[in-house]
Amino acid sequence: MHKLYISNLSEHVGEVVSVKGWLYNKRSSGKIKFIILRDGTGYLQCVYFKGNVTPEIFELADSIGQESAIEVTGTVKAEPRSPGGYELDATGLTILHETHDYPITPKEHGVEFLMDKRHLWLRSSRQVAIMKIRHRIIKAVRDFFDDRGFTLLDSPILTPSACEGTSTLFSTDYFDLGKAYLTQSGQLYAEAGALALGKVYTFGPTFRAEKSKTRRHLTEFWMVEPEVAFADLDDDMDLAEEFLEYIVQSVMKDRAEELKVLERDLTPLQKVVRPFPRISYDEAVNILHAEGVEFEWGNDFGAADETIISGKYDRPVMVHRYPSEVKAFYMKRDPENPKVALAVDVLAPEGYGEIIGGSQREDDLDLLIGRIKAHELPMEDFEWYLDLRRYGSVPHAGFGLGIERTVAWICGLEHVRETIPFARMIYRKTP
Ligand code: 4AD
Ligand code: MG
């Protein structure tokens with residue numbers, strides 16, 4: 001007999017089955033005891049009637065502790081009022097591992113306590129729902145690019161140089177070769193890939209030694225980065241909006257149950273349809289000024305600024321052409337106005353801020369050398385990258401989407417710490 005999961009019970013109505021899992025919750029009322037079993041695929045209410053079971057089992061149903069591993073046996077019944085739609089008219093109960101004093105109880109706990117117990121907290125229904133949505137988002141990311149002829153190109157994690165500025169680099173000693181750095185972004189390698197394969201994406205963990213303690217910053221996060229040869233900033237924005245629409249639709253279609261567990265308001269998600277508004281940095285600055293914010297042209301937007309700007313729209317907004325001084329060295333300057341870079345940030349609605357950063361890349365060798373010098377980056381580490389401008393250089397563009405910020409937005413979460421199984425932040429590297 002193959003193993004039976006709660007998610008498959010619809011195929012077994014009327015049959016006697018056994019299911020293994022953990023005791024999620026229990027309650028009793030006189031002659032009836034209820035056990036909620038969880039097995040990772042769902043929840044099953046098991047009903048023990050005093051008259052139907054031995055006195056030993058009836059007692060057991062009362063005495064076992066939360067998160068004990070158990071096997072329940074009984075007849076599957078359709079029960080629309082029950083979570084998952086089925087119930088077990090239970091006759092048997094076997095303890096596989098008895099547990100008492102499970103540290104996380106249905107009462108409220110502080111978030112630091114829960115983060116310390118993250119390895120157990122993951123079992124709660126809310127966290128299970130978030131992880132399932134995260135998984136669905138990652139599947140949508142892969143499907144989207146795979147279905148459109150992109151090749152997955154795995155970029156290295158140990159790298160010789162900075163990609164996104166030298167202030168957020170994690171370094172480690174690398175044998176006789178000096179320092180190696182944990183990658184901040186796979187982009188530079190994706191560019192090599194785009195010139196080899198046309199359309200590629202990298203997808204992996206990226207690292208930033210972020211000293212900021214905010215609800216959006218992790219030190220280790222997952223980023224997907226498409227890169228396309230013969231593409232400009234407009235193509236990049238077209239791709240980004242189609243991509244975000246696809247992700248949101250996929251989650252709403254396949255993870256409705258989980259969004260309900262999280263009590264996510266679906267109205268704002270339903271509005272995530274193309275076309276998204278596209279405004280220039282200058283227009284965004286005007287929005288801030290009109291709201292009475294003192295903001296100087298040339299600065300980057302803070303979280304509060306982004307909230308005001310995105311608050312003007314009911315769907316993600318694409319802000320393009322930032323001052324090149326605040327952006328990375330590899331971004332192409334706008335030929336029409338060299339003060340700005342052909343960059344785009346996509347700001348999510350509902351105050352979630354930047355979830356995508358992208359640009360058209362500088363494809364001119366001499367201009368790129370100038371940018372590397374201006375950023376005081378070590379030229380020798382970028383020689384290989386400059387080769388991409390020496391041999392068959394073409395316009396190309398790409399972007400990076402942060403998975404955790406996307407999960408936080410789609411799930412409607414306060415903080416990115418709940419969006420990844422084991423968060424790494426300035427004050428946390430355990431469990
Ligand atoms: O804007 P960023 O820094 O862009 C890049 O790294 C480019 N190389 C991407 C590219 O063009 N290929 O980062 C991209 C996204 C951000 O919009 C955000 O969603 C996420 O990565 N991100 C973070 N997420 C969590 N914690 C952090 N510390 C993050 N830093 C960036
Ligand atoms: Mg950015």
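Predicted model: local features only at pLDDT ≥ 70, side-chain atom pairs only at ≥ 80, totals over all residues.
Five strands close into it, in the order S1-S2-S3-S5-S4. The pairing is mixed. On average, neighbouring strands of the sheet are turned by 55° against each other, direction ignored. Strand S4 (residues 69-78) and strand S5 (residues 86-97) run antiparallel and are joined by ten bridges. Within this pair, Thr 73 stands opposite Gly 92 in S5.

A helix pair was examined next. Helix H11 (residues 365-374) packs with helix H12 (residues 383-390) at an angle of about 155°. The two axes are 9 Å apart. Because angles over 145 degrees count as roughly antiparallel, H11 is roughly antiparallel to H12. On the H11 side, the contact is made by Leu 365, Leu 368, Ile 369 and Ile 372. H12 contributes Tyr 385, Leu 386, Arg 389 and Arg 390. Of the residues in this contact, six are nonpolar and two are charged. No polar residue takes part.

Cysteines were considered last. With a cut-off of 2.5 Å between cysteine sulfur atoms, the count of disulfides is zero. Cys 46 has 0% relative accessibility and therefore counts as buried. Cys 163, at 5% relative accessibility, is also classed as buried.

Technical notes: Residues numbered from 1 in each chain as written. Chains lettered and ligands numbered in written order. Heavy atoms only, no water. Axes fitted to C-alpha atoms, helices over the stretch in contact; angles between N-to-C directions. Helix = DSSP H or I, 4+ residues; strand = E, 2+ residues; numbered from the N terminus. Parallel < 35°, antiparallel > 145°, perpendicular 65-115°, else oblique. Contact = heavy atoms within 4.5 Å. Nonpolar A, V, L, I, M, F, W, Y, C, P; charged D, E, K, R; others polar. Buried < 20%, exposed > 50% of the residue type's maximum accessible area, 1.4 Å probe, protein only. Pairing = 2+ DSSP bridges.
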